[in-house]
Amino acid sequence: MSRKDKTPKISQKNQEQKKTPTTQVGEQTQLLDSLKAAARRSGFYLQRSVQEGKLSDSIKQAGEMLNGLRSSSLSPKNYYDLYLFVSDELRYFGLLLRESIKKEPIASIIYRDVQFTSRIIPRLYLLITAGAVVIENNPKKTREILLDLLEMCKGVPHPTRGLFLRHYLSQMTKDLLPDISESEKGSKNGNEKEIEKEIEKEPKNQKSNENENKNEKKNENKNVKIKKEESKTENNKNLQGNENEDKKNNVLPWMISINFTIQNLIEMNKLWIRIQHQKLPGNISKLERVSSRIKLTEERKDLCSLVGTNLVRLSQLDSVTLEVYKERVLPILLEQIEQCGDKIAQSYLTEAIILVFPDEYHIHTLPDLFSILPNLHQEVNIKNIIILLIERLINFANNNPKSIENTFLITQIFSKGISSITRKRTSLPRIHLLSILNGLMKLSLCLHPQRIDFINHMLSSCVKSIAIQKKLTKDEINEILSILSTPLDFYNDLNILVQLENYSMLIDTLPNENRRIISLKFLENGLNTLTIVSSPKKVSKLLEITKVLFLDSKDSISENEEDENLKSLFFREQYTVCRFIHLLRSENIAKSFKILQIIADTFSSGGTRRIKITIPPLVFSALQLANGIRQLEKEKKKILNNNNKENKDHDNLEDIGLSAKKIFEFIHKIMTSLTKLLPLKSLKLFLQCALASDKCNFEPIAYEFMTKAILVYNDHLKDPKTQYQMINYISSTLQTLRAFHPDNYSLLCNQCGGYSAKLNIAPHQVRAIVTCSYLFLSIIKQPLNIAYKEIKEKIEIQDEKNKNKKIVKVEKVKKIIEYKRPSNEPVLLYFIDVKRLLGCISRAIRVAGSLMEPSLLFELLIEILNTCLYFFELDSGAVNSSFINTLLDLILQKKSENESNWKQLLTKPIYNFYYLTFKHIKLCKKNKETKRLFKPIKIEKILKDFLK
Amino acid sequence: MSMFSSKPFHQIEISFTNVENRQTINQTIGESKEITPLFIYSSGDNITGEVKIKIKNSKKLEYRNISIAFIGQIELTYDPGNPTIFITEKVLVAKGGILTGSNDYSFNFQRKRMRYESYKGTNVNLRYFVRVIIDRNISTTYSQDKDFWVMNVMKPPLENPPINIKVGLKSDLNIDITLEQSQFHLTDVIKGIVNYYIVKIQFKSMGLSIIKREITKSNSGMNQNIFTENETIAKFEIMDGAPVQGDKIPIRFFLRSLNLTPTFPQINNIFSVRYFLNLVLVDKKEKRYFRETELVLYRNTLPEKKTILIKKELSSDK
């Protein structure tokens, strides 16, 4: 053939080349179909030759069939498609080779003859196929053949075609790789036996080699004097050194498999990287260049699994024990990863190693893994790798509890590794570092939850990483929130969390709005788990952590916030705070009080908006404590009374100088700030406190609270309606108080009466005064025995001090009860002042009389009548029958004055009220028990009036 | 070359004896396309055989001499009528008489020195044959040839140094081609490696070509004509794709896959046959880079009697 004959072929190729860049999807499938069709055709002939047993024809047909794989126009996906098709067809060829070898010992001849094929791609596919058959036939040749195949595959530096070729190599040899058997793996002597066996075999081996390949072998080992050979990696030397040397170095059959697989992996990785660095044609635009680069990257990612197969193969070898992995496999892999310097390969391979090999191996090789991470390409996402590793370890630890020995060592390695990464990789984004620390924290919690110090250390690392740099991004904020939530969700116990010294520091790095979210979550966690925090120290830490909820700051939500969402958020926060403080308490009274003080201190700087909401629950908390102390004091008294000197576990209140009084003083203090802000509420709270202190029998304190309440009323209430309401509150509260000296009581009654009389609206005035009248005939509604006792005490004391004062004698009271309520309802009187009572009623009637509106007047008179009937029925002597008669006359008189338009004036409810009152008197007159009392009451006139 | 011009009534059969263990080679003879197996002899062999002349239909053939010749000659295809006989030996087996029926003769050329190997080239053939000549007085001479093939086993060269070729192209390319040896026997394997030190050119493939160069000289007339015939007898791809710095591409080529002769440096001052290995690099723009080096071929064995015949892939390329 002369050279001229070739030209047309080249020009043909040229056309094909030019098409490549513009090949569209349609053209791709068309091309694939035609290549497949051609392969199918050759495959058909191949099968025929195989059936006829014609070896040389088969080689030729197989070679033709493989020609399609020479195409450079197919996309990797389509190439893979074709590859699968062709390699499937190649099975027939392998079948023939197997058959031929069974008949005649021609393995080496086949191995030689397939190499006559002039095209490299078909040649190497055939060589691999033949090589596999040769090994199958004669396992002694495994090493020789594998090395030769590796060497010959170097002839295809084309990335895609080379990758597939080597993948085929890996596929065809996968079942032929010598491996350690289970029994050998178990026994320690296995290795030594293996060596002996091999040495025995050696002479035979050499003999068998002294045939066809004699020359080739010698040349391979002797004559290659290429200097560069020496600079090959150690691994390579191991692979290529002569057999005797291998024996000395204990190169066992299974080591061949490992070395072979690693070598193939390294080469495939190189090819894979090459795809990225393919030079693009110079005549394309910048835009095209960018898009082709992107396309290349994507194509590369499609091919990654080809490279990964080798790792899978390695992990499937039984001979890759932990020791072998640690000593012989991982170091080489890591070296390769580090050296290749390609970001995609580095991240893919590192992640693949983590995924493919058992977690147990990782646990024992963590330092090695970490040693390369800092040196990887700057764009490699280290975070993903570490997180992946962490997730695997957590999973492993959860599934195999107790299987990890030195758990803390693992986290320490991680910690060290990460700090060296941060030192060396200045470009590591802060968000990644945060994610890594978060992962590490999860790992630490999983492995050794008791090591709070470590969690704390990591929190500190987070704080450090944030401290230096610029404003946090949204993602970073979310990551920090996640970091903060991790221990919270894990421990579900605020008592443990407050031990994390750096927790609040990390919260402080966040903007207020995010701090609020996490703080709220914090409190809600406590509420959900009902965790009681009982140490003052812990409480103050807790409040420090969540301080954003308590403290007033510039960017906190303003009072007049128009955004309804923000407003409702604010209230949600504050109400959560209110619920939360009830969790802060101790069995120990002194500690509880300390806690209250801490809370109060914190609240005090919360600004008016917060105080308004947060102080009341604090007051109630304190009241509860006061009650507790009261109970204790009582018990103590009991013990003392019984001369029982048993020392119980209770606090010695006197020793710590704590008493219910102190609590009330405390309450008084925190209330002061509230009066101006929230007069109405504080008024009610004062009343509440008065009631509580009254129960404790602290007269001066109760008096002070009452005075405060009245002061608030006087100073801050201007609205008439509110005034009316509140004065009613005050007087009704006052009526229930029992600790007062009658002087003090009557002083307060006077004040109530005074303020009632000052009410601006007449009906209010009337009704308030009527209410006040009850103060002067105060009843105790309690079981007789208790009430009796209390009052007796009181009277005895009071008798000594003020003998001239008007006091209801106990005997008298008792008499009343026995007289009035012989049934089960005992009633005791506490205070009685008939003169002022009547004064109140008269004043009420007078004020009502001045009213211009007849119907209202009528209504008020009936109300007053009812009140008088109440006093009359008690038979306390305060109101007599003639007073009632006078009042009845007055009512009739007022009615007759307005006889003309009576029907229009009197509304149905008022009429009913009037009628029912009348009916009541009528009934009392008939009743056996009240008959006598009601005899003087004259109702004839009214009856007549009704009959009209 | 003698041909039967008219209807022959005689038949000459030449056969070799003592050929039971002799190997054969399939060849075409002359311009005929028929493939015939030829026995292979080497220098120093005895060439023995028998000649049978049959006269048909009880006719008579009168002759002056019958002789048997052993001839080695070189024929130039463009000058067929003028072969150069470089060796000849003639034996007279019958003198003056009439042939009838079947007549047997034998020949035995003892220890013939046959320096040159048989060769069938593009422009030149080197043939060995035994010729039977029936010389008649008046009419044309009858003759019949029987070819045989000569192959000589040679001793391996004492020195066989490796070939090392460095190829550089400014600062764009620096490669190093190493072949383990420079002389090869005909079933040898060319082994070597191509080291890429610097590659800034995007190559697409690399291949080997084996080129046979046949140079013939004709002395006819006043001017001496020299014809050079280059024949690419094999193309062999050894690399697919673009190598990068540090790549080492292996070379392994089995010479036995080709039909080769030893290198003939100078045969009778008429022709020479030499072989060259051409390393061809093709870049992405189809630009080709060549590097040629001579391969000295020698014969170390005669062809094996039994081979698995693998047809050359090259034939499918054609």
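Predicted model: local features only at pLDDT ≥ 70, side-chain atom pairs only at ≥ 80, totals over all residues.
**Exercise 1. Two helices of chain A**

Work out how helix 6 and helix 7 of chain A are oriented to each other, and which kinds of residue make their contact.

Solution. Start with the geometry. Helix 6 (residues 120–137) and helix 7 (residues 142–152) of chain A have axes that come within 10 Å and cross at roughly 170°. Angles over 145 degrees count as roughly antiparallel, so helix 6 of chain A is roughly antiparallel to helix 7 of chain A. Next, find the residues. Helix 6 of chain A contributes A:Leu124, A:Leu127, A:Ile128, A:Gly131, A:Val134 and A:Ile135, while A:Thr142, A:Ile145, A:Leu146, A:Leu149 and A:Met152 come from helix 7 of chain A. Finally, sort them: nine are nonpolar, two are polar and none is charged.

**Exercise 2. Two residues of chain A**

Decide whether A:Phe580 and A:Ser621 are buried or exposed, and list what each one touches beyond four places in sequence.

Solution. Take A:Phe580 to begin with; this residue lies in helix 28 (residues 564–580) of chain A. Its relative accessibility is 1%, and therefore A:Phe580 counts as buried. Leaving out residues up to four places away in sequence, A:Phe580 touches A:Leu494, A:Leu523, A:Gly526, A:Leu527 and A:Leu542. For a look at sequence against space, consider A:Asn525: A:Phe580 and A:Asn525 are 55 residues apart in sequence, with 9.8 Å from C-alpha to C-alpha.

Now turn to A:Ser621, in helix 30 (residues 607–641) of chain A. A:Ser621 has 11% relative accessibility; buried means under 20%, so A:Ser621 counts as buried too.

**Exercise 3. Two sheets of chain B**

Give the strand order of the open sheet of three strands and of the open sheet of four strands in chain B, then find the edges of each.

Solution. The three-strand sheet runs in the order 1-4-7, with antiparallel pairing. Strand 1 (10–16) and strand 7 (102–109) of chain B are its edge strands, each pairing on one side only. From one strand to the next, the twist averages 15°. To follow one pairing in detail, look at strand 4 (residues 47–55) of chain B, which is joined to strand 7 of chain B by eight bridges. One of the residues to check is B:Ile53, whose bridge partner in strand 7 of chain B is B:Asn103.

The four-strand sheet has the order 11-12-14-17, and its pairing is antiparallel. Strand 11 (163–169) and strand 17 of chain B each have a single partner strand, so one side of each lacks a neighbour in the sheet. Ignoring direction, neighbouring strands of this sheet are turned by 15° against each other on average. Inside the sheet, seven bridges join strand 12 (residues 173–179) of chain B to strand 14 (residues 189–199) of chain B. There, B:Leu173 has B:Val199 of strand 14 of chain B as its bridge partner.

Note on methods. Residues numbered from 1 in each chain as written. Chains lettered and ligands numbered in written order. Heavy atoms only, no water. Buried < 20%, exposed > 50% of the residue type's maximum accessible area, 1.4 Å probe, protein only. Pairing = 2+ DSSP bridges. Axes fitted to C-alpha atoms, helices over the stretch in contact; angles between N-to-C directions. Parallel < 35°, antiparallel > 145°, perpendicular 65-115°, else oblique. Contact = heavy atoms within 4.5 Å. Nonpolar A, V, L, I, M, F, W, Y, C, P; charged D, E, K, R; others polar.
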